[in-house]
Amino acid sequence: MMIHFKSSTPVQENLLKRIKSRNWLESNLKEIQEKYAEKWIAIVGEKVIADGNNPDEVKQKISGKFLAAEMILIRIPTGAISQPV
Amino acid sequence: MSYPFRSLRDWLSFLKEKGDLAENREKITVGGDAFALSRRTATIDGPALLHSNIDGYPGWRVYTDGLGARRRQLWALNIETSKPSEFIAQKIAESKPVKPEAVDSGPVKEIRLLGDDVDLTKLPVMFTGEYQTTPHLTAGISYVQDPNTGWTNAGIRRFQVMGKNLLTDLVLPYQQEGVIFSRWKEKKKSMPIAIVIGADPVVYVACNMPAPEQFDEMDYWGIFTGERLKVIKCETNDIMVPATAEIILEGEVDLEKRMFEGPFPEMPGYYSGFRMCPAVRINAMTMRQDAIYQDMPMGKPPSEGHSLAALLFEVELYRQLKALIPAVVDVGIVSTQSLTTAISISKQAKLSTPGLDKRVGIAAKSIRAGAMIKNIIIVDDDIDVHNIHEILWAFSVRFQPAKDITILEDMPGIFLDPSEPWVGHGGKYSGHTSVGLYMCTEKPAPYDEGFKRGVALPRKDILERIGENWAKYGLR
């Protein structure tokens, strides 16, 4: 079977959605840090859909509502993000 | 299949002949299946894996774990010895660098995608852990060139997928890639880069060798194989890459644009934090028509990445330590890159040189290859430093906590180690740690009474006879 480059599969579309969510997180990091520092949050699209003190708590809040493949689950750190170079 | 392996395909054929390649046709996802399978094979010292049914990526195959077992590392290097460190160190000492040979065509140019046709989301890049935002290339070899001298540095780095033609590169100022980046910065030009994904196993060994500055890692390929590596010029820059590789990404590392990178399942077994890392714009993608994507997940050990690093740390630590202290006999990585390392020394030399074991430990931390070391276990040369049971036995019966441990405070470390109390400053500095030296050796008088009674083992000649006739006794 040949490799295809033209059309995207649903899995590849989900990756594009996650990239978009990641970019949104980066663009809004300051505000998100102010609100959710030290918390775990789930992001779908351009929205925080749940938060909690640990990943299991967040997963429980959204159980079954979203596909793992389209959702970012992440702990928000405090302070400035380091820049090695 | 005869040596050397000139492509990943040659290597896979060899592994198949050896019965050390599992060809999986069950569907796997990019969301963690490959990582889980990889962990399983690493845990049981199992075969390399080649997956051919990747959900959402028709036509692709994904390969992992080729260098995850020590036996396969030795096959890749055509070595038959129980002491590869000694063998490789000697080979490097006796050989001159073997420069690659430039060729005009190669299978890695079968498909050329330039400009807007580049789309990284079409590669089956695997998620390693649950808490990544987007996946990372984990077996990408970065090739960058010093703008002043043309020296090419190659090394496995991680790159996070940030868009159809965008990655981030964790450039660290104290690594050679970072040094070269600073030279491009002086010239105010973005740094050209080529990222090789999927190549013969010696390319992966060679690029991980801790070569001195201005030494091209790819020259090791010829030292190991006795042939010249065939390389081909990139489409959009002057970097030369292996002509038989599977995939090449060509791009530029931006001098100014930074994107936050991470979290990534790091080699200490925990996730990294966020870091602002240079963006890499990919301008071209070339590959074979039926390219195989290579993945090398890290995270909590064991993994292929840890196994490969262990071999190379053992070689370099042995090479650099032996030059300083000839009584060093062997070096074995116990866990997690070189964070915990065992070193054996000549028992005879130690008995006639008080404090030799401590001196070896301090030397190990002082040499370049020992920068990361945190726990140094010194044993006698009757202990196999590659056998955890022997090391723990020495630790149990040749070590007294009150007198055989030395702590060195305020030493350089590795900022990825989550136990470092300074974690949080991540990335700018190499790290800050304390170091423990554990002298697990038989002690001289007045502490030798128990040791003088002898080790309780079967007679040597009986052990040898039994060993030679193992199968006759119904044992395998």
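Predicted model: local features only at pLDDT ≥ 70, side-chain atom pairs only at ≥ 80, totals over all residues.

Trainee: OK, and which ring does B:Phe14 stack with?

Mentor: B:Trp11. The two form a stacked aromatic pair, 5.9 Å centre to centre with 15° between the planes.

Trainee: Where do B:Trp11 and B:Phe14 sit?

Mentor: Both are in helix H1 of chain B, residues 8-18. They are three residues apart, about one turn of the helix.

Trainee: And B:Trp11, buried or exposed?

Mentor: Buried, with a relative accessible area of 0%.

Trainee: What about B:Phe5 and B:Phe14, why is that pair called tilted?

Mentor: Their planes are at 50°, so the pair is tilted; the ring centres are 4.8 Å apart. Stacked would need planes under 30 degrees apart, and edge-to-face over 60. B:Phe5 is buried, as is B:Phe14.

Trainee: Which residues make up the aromatic cluster there?

Mentor: B:Tyr3, B:Phe5, B:Trp11, B:Phe14 and B:Trp75 form one cluster. Over all chains, the structure holds 13 aromatic pairs.

Trainee: Switching to the two chains. How many residues are in contact between chain B and chain A?

Mentor: On chain B it's 45 residues, and they meet 33 residues of chain A. The area buried between the chains is about 3,400 Å², with carbon and sulfur atoms giving 68% of it.

Trainee: How many salt bridges between chain B and chain A?

Mentor: One. B:Glu130 pairs with A:Lys59, and the closest N and O atoms are 2.4 Å apart.

Trainee: Which elements of chain B give two or more residues to the side that touches chain A?

Mentor: Four strands of chain B: S5 (111-114), S7 (152-163), S12 (247-261) and S13 (275-287). S13(B) gives the most, with five residues. By class, that side of chain B has 25 nonpolar, twelve polar and eight charged residues.

Trainee: New topic: B:Lys350. Buried or exposed?

Mentor: B:Lys350 counts as buried, at 5% relative accessibility. You'll find B:Lys350 in helix H9 of chain B, residues 347-352.

Trainee: What does the side chain of B:Lys350 reach?

Mentor: The backbone oxygen of B:Glu442, at 2.4 Å. Leaving aside neighbours within four places in sequence, B:Lys350 is in contact with several residues, including B:Ile345, B:Leu356, B:Asp357 and B:Asp380. B:Thr441 and B:Glu442 are also among those contacts.

Trainee: Last one, over on chain A. Where is A:Ser82?

Mentor: In the segment after strand S3 (71-75) of chain A. A:Ser82 is buried, with a relative accessible area of 19%.

Trainee: Why does 19% still count as buried?

Mentor: Because the cut-off is under 20%, and A:Ser82 is at 19%.

Trainee: And what separates A:Ser82 from A:Trp40?

Mentor: Their C-alpha atoms are 20 Å apart, and along the chain the two are 42 residues apart.

Methods: Residues numbered from 1 in each chain as written. Chains lettered and ligands numbered in written order. Heavy atoms only, no water. Contact = heavy atoms within 4.5 Å. Buried area = accessible area lost by both parts, 1.4 Å probe. Salt bridge = Lys/Arg side-chain N within 4 Å of Asp/Glu carboxyl O. Nonpolar A, V, L, I, M, F, W, Y, C, P; charged D, E, K, R; others polar. Phe/Tyr/Trp six-rings, centres within 6.5 Å; stacked < 30°, edge-to-face > 60°. Buried < 20%, exposed > 50% of the residue type's maximum accessible area, 1.4 Å probe, protein only. Polar contact = N/O pair within 3.5 Å; in protein donor to acceptor, adjacent residues only side chain to side chain.
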